[in-house]
Amino acid sequence: MIVVTGATGNVGRPLVELLAAAGEKVTAVSRRPADGLPAGVTHRQGDLADVGGLAGLFEGAEAVYLLVAGLGDELDPRAIVTAAVAAGVRRIVFQSSQLVGTRTGSVSHDVLRAFETAVRGSGLDWTVLRPGGFASNAFLWAEQVRSARTVAAPFGDVALPVVDPVDIAGVAAEVLRDPAAHAGRTYVLTGPVAVSPREQVRALAGVVGAPVAFVALSASEARSQLARFLPEEVVDGMLSVMGEPSAEEQRVSSDVERVLGRTPRPFAAWAERNAPAFT
Ligand SMILES: NC(=O)c1ccc[n+]([C@@H]2O[C@H](COP(=O)([O-])OP(=O)(O)OC[C@H]3O[C@@H](n4cnc5c(N)ncnc54)[C@H](OP(=O)(O)O)[C@@H]3O)[C@@H](O)[C@H]2O)c1
């Protein structure tokens with residue numbers, strides 16, 4: 001049986017669907033009740049921050065897809081990985097971030113870095129996935145597009161190869177189902193081409209069938225907006241990646257294609273699939 005944590009989010013939901021469709025026995029974990037899971041999938045309600053409840057979340061699992069949400073700073077990486085080992089788990093796939101590799105001094109990625117260390121030192125067969133920015137971050141614009149056919153964002157012409165969460169899920173499913181081919185590997189997951197915020201907005205205009213204006217925010221305007229709901233050091237880190245990405249962060253990785261045998265999906269495909277959120 002495979003336990004998927006974060007099972008109702010951008011990556012977890014399509015991952016659960018892919019594994020179930022492939023005939024795997026799947027247990028989906030989230031804090032809130034989950035609706036719309038495929039038939040035959042078991043749901044366990046639990047909080048990864050509740051160390052006492054971890055054994056119950058991993059019980060009976062042969063493999064775990066470990067996805068932690070947000071900053072994860074309420075979580076204890078070693079306790080979580082130790083609980084998986086104690087429950088008899090043999091394989092673990094951890095969803096990290098490309099920035100753990102490219103921004104080695106970034107405080108906001110300390111928790112993901114600690115998870116990577118715990119997973120690699122666990123004695124289990126492990127694989128680490130390091131996705132770049134998600135196409136689904138464009139959900140942040142959905143309300144503006146619906147109500148005002150406008151997107152206000154900084155760094156309109158700075159392109160990054162955003163990855164479709166469904167491709168992360170596809171790689172995760174493949175890695176979970178063919179561990180011999182992927183144990184001990186770290187994969188960087190990106191989309192097929194770097195795409196700027198302005199180009200993403202153009203794609204969204206295409207799916208809503210109406211012009212969507214791009215309003216350029218200055219870095220300081222963007223900082224004040226983001227600082228309303230994120231800690232200062234996280235905001236600075238985000239703006240630095242969005243405004244001054246390194247050559248490595250702008251580069252398309254071949255790892256999605258290596259694992260899936262096809263090119264990653266473009267941002268336009270994500271926009272098409274998620275059109276109802278923008279119309
Ligand atoms: N967005 C990006 O550009 C980006 C780039 C690289 C890496 N990442 C990494 O990707 C991860 C987020 O993936 P995502 O977008 O698929 O997540 P998401 O859509 O935010 O979903 C989070 C999932 O985790 C569950 N969850 C949250 N806190 C939990 C807890 N304490 N215990 C158990 N379940 C919990 C949520 O359900 P409940 O709320 O019901 O618990 C939900 O199922 C983060 O680790 C992030 O650092 C993101």
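**View 1. Composition of the residue shell around the ligand in the predicted model.** The shell around the ligand consists of nine nonpolar, 12 polar and three charged residues (Ala, Val, Leu, Ile, Met, Phe, Trp, Tyr, Cys and Pro count as nonpolar, Asp, Glu, Lys and Arg as charged, and the others, Gly among them, as polar). In total, 24 residues surround the ligand, and the closest are Thr8, Arg31, Arg32, Asp47 and Val68; a residue is near a molecule if one of its heavy atoms lies within 4 Å of it. This is a predicted model, in which local features need pLDDT of at least 70 and side-chain atom pairs count only at pLDDT 80 or more, whereas totals for chains, interfaces and linings use all residues. Residues are numbered from 1 along each chain as its sequence is written, and side-chain values use heavy atoms, with hydrogens and water left out.

View 2. A polar contact here is a pair of N or O atoms within 3.5 Å. A side-chain N or O atom of asparagine 137 lies 2.8 Å from an oxygen atom of the ligand. The protein buries 83% of the 930 Å² that the ligand exposes when taken alone (Shrake-Rupley method, 1.4 Å probe). Backbone N or O atoms also take part: one of glycine 6 is 3.4 Å from a ligand oxygen atom, and a polar backbone atom of glycine 9 is 3.4 Å from an oxygen atom of the ligand.

**View 3. Helices α1 and α7.** The axes of α1 (residues 12-21) and α7 (residues 165-177) come within 8 Å and cross at roughly 40°. Helix α1 is therefore oblique to α7 (angles under 35 degrees count as roughly parallel, over 145 as roughly antiparallel, 65 to 115 as roughly perpendicular and the rest as oblique). Their crossing is right-handed, a term for the near helix being turned clockwise from the far one by less than a right angle. Helices are DSSP runs of H or I with at least four residues, numbered from the N terminus; axes are lines fitted to C-alpha atoms over the stretch in contact, and angles run from 0 to 180 degrees between N-to-C directions.

Methods:
Polar contact = N/O pair within 3.5 Å; in protein donor to acceptor, adjacent residues only side chain to side chain. Helix = DSSP H or I, 4+ residues; strand = E, 2+ residues; numbered from the N terminus.
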